[in-house]
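This report looks at one residue in its surroundings and then at the chain as a whole.

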Amino acid sequence: MKIMRLQSVLPMGVLAGLLILERSARERAERALAELKSNLERQIADHAAELATANAQLREINYLQAKFITDAAHELRSPLNSLKLRLHLLENGKPERHAHYIAELKTQLERLAQLSEDLLNIARLEAGGATNHFAPVDLNTVVDQVVIAYRPLAEAAGLNLTFAGAPDLGPVMGQRSQLMQVGSNLVGNAIRYTPTGEVQVITTLAADRKQVCMVVQDSGIGIAADDLPHLFDRFYRGQQPEGTSISGTGLGLSIVKEIVDLHGGTIEVQSTVGAGSMFKVCLPLAPATAGV
Ligand code: ADP
């Protein structure tokens with residue numbers, strides 16, 4: 001109708017021009033609409049994929065949390081059962097065995113205390129793992145304090161514990177208490193798993209001068225090759241030589257790894273069964289001091 005009316009007032013050339021204009025405008029609009037539709041569809045598909053990934057991650061976290069609680073309950077049950085048994089024996093066993101039962105009670109109590117300490121440390125890390133309390137920390141001071149704290153234990157075990165700190169290390173960005181925990185767990189392990197010889201701790205500046213490293217080397221029992229891939233798993237305990245029973249929770253190295261990850265660092269292990277182990281933790285230098 002509109003065109004017919006225009007036909008009567010406009011020359012044919014102008015009318016044809018108008019028709020072409022109208023068709024190309026409609027085609028442009030249709031193309032824009034199609035593009036918008038495909039953009040929207042792509043965005044919806046992207047969001048759906050993101051949601052599916054987040055959902056899978058949440059399910060994985062839920063699964064890991066449930067597994068952690070089950071494993072922790074299981075680990076708590078074993079020293080508790082041992083305590084119950086020792087108490088029963090203490091009440092009903094021969095009096096000449098009392099000293100023996102009391103010694104075993106103490107061992108199990110220590111195991112429980114260590115377990116609850118490790119579990120608390122994990123809970124603290126999970127709750128306050130953010131890096132907002134980070135400040136420049138001097139690794140030499142941290143390691144020095146750890147070595148001083150562990151010297152009596154090393155001496156009691158007849159081990160030579162030494163520390164050689166590299167001069168002018170420069171600070172790392174981190175949380176002092178967490179870095180103390182890393183040092184304590186590594187030095188504590190080195191002492192526990194070393195029957196004779198020495199534990200040496202050194203700090204070094206990495207070759208690229210952007211990281212500082214702490215190396216804990218012992219002359220202990222070493223770690224079997226098939227244990228190495230699992231050392232940092234929670235509750236994982238490695239093999240020990242026949243006749244050895246060094247107690248532990250299997251949590252110390254998982255805590256170390258978690259803290260090192262939080263600090264953007266790395267940890268590596270080298271070990272030879274029967275000869276000793278070397279744990280090396282490297283942490284990035286605080287930005288202002290990192291070399292270029
Ligand atoms: P725990 O020592 O309580 O078992 P960790 O998580 O600290 O737990 O260590 C996991 C395992 O790694 C230990 O059970 C042990 O087999 C092995 N391990 C750790 N440090 C050493 C070491 N310095 N020498 C030998 N084995 C070690």
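Leaving aside its neighbours within four places in sequence, which residues is A224 in contact with?

## The surroundings of A224

In this predicted model, A224 is in contact with Q239 and V273 once neighbours within four places in sequence are set aside. The C-alpha atoms of A224 and V273 lie 5.9 Å apart in space, although 49 residues separate the two in sequence.

A224 itself sits in the loop that runs between strand β5 (211–218) and helix α6 (252–262). Its relative accessibility is 16%, and because buried means under 20%, A224 counts as buried.

## Elements and overall form

The protein chain holds 6 helices and 7 strands, which follow one another from the N terminus in the order α-α-α-β-α-β-β-α-β-β-α-β-β. With a radius of gyration of 33 Å, well over the 19 Å that the globule rule gives for 292 residues, the protein chain is more spread out than a compact globule. Along the principal axes, the C-alpha trace of the protein chain spans about 125 × 55 × 35 Å.

## Contacts, burial and surface

Of the contacts in the protein chain between residues at least 6 apart in sequence, 70% join residues at least 24 apart. Buried residues account for 31% of the 292 residues in the protein chain.

The accessible surface of the protein chain amounts to about 18,000 Å², and 59% of that surface belongs to carbon and sulfur atoms. As for charge, the protein chain carries 27 positive and 31 negative charges, whose mean positions are 9 Å apart.

Methods
Residues are numbered from 1 along each chain as its sequence is written. This is a predicted model: local features need pLDDT of at least 70, side-chain atom pairs count only at pLDDT 80 or more; totals for chains, interfaces and linings use all residues. Side-chain values use heavy atoms; hydrogens and water are left out. Helices (H or I, at least four residues) and strands (E, at least two) are DSSP runs, numbered from the N terminus. Buried means under 20% relative accessible area, exposed over 50%, partly exposed in between (1.4 Å probe, protein chains only). Contact means heavy atoms within 4.5 Å. The radius of gyration is taken over C-alpha atoms; the globule rule is 2.2 Å times the number of residues to the power 0.38. Accessible areas come from the Shrake-Rupley method with a 1.4 Å probe; for residues, only the protein chains shown count as cover. Lys and Arg count as positive and Asp and Glu as negative; His and the chain ends are not counted. The place of a charge is taken as NZ of Lys, CZ of Arg, CG of Asp or CD of Glu.
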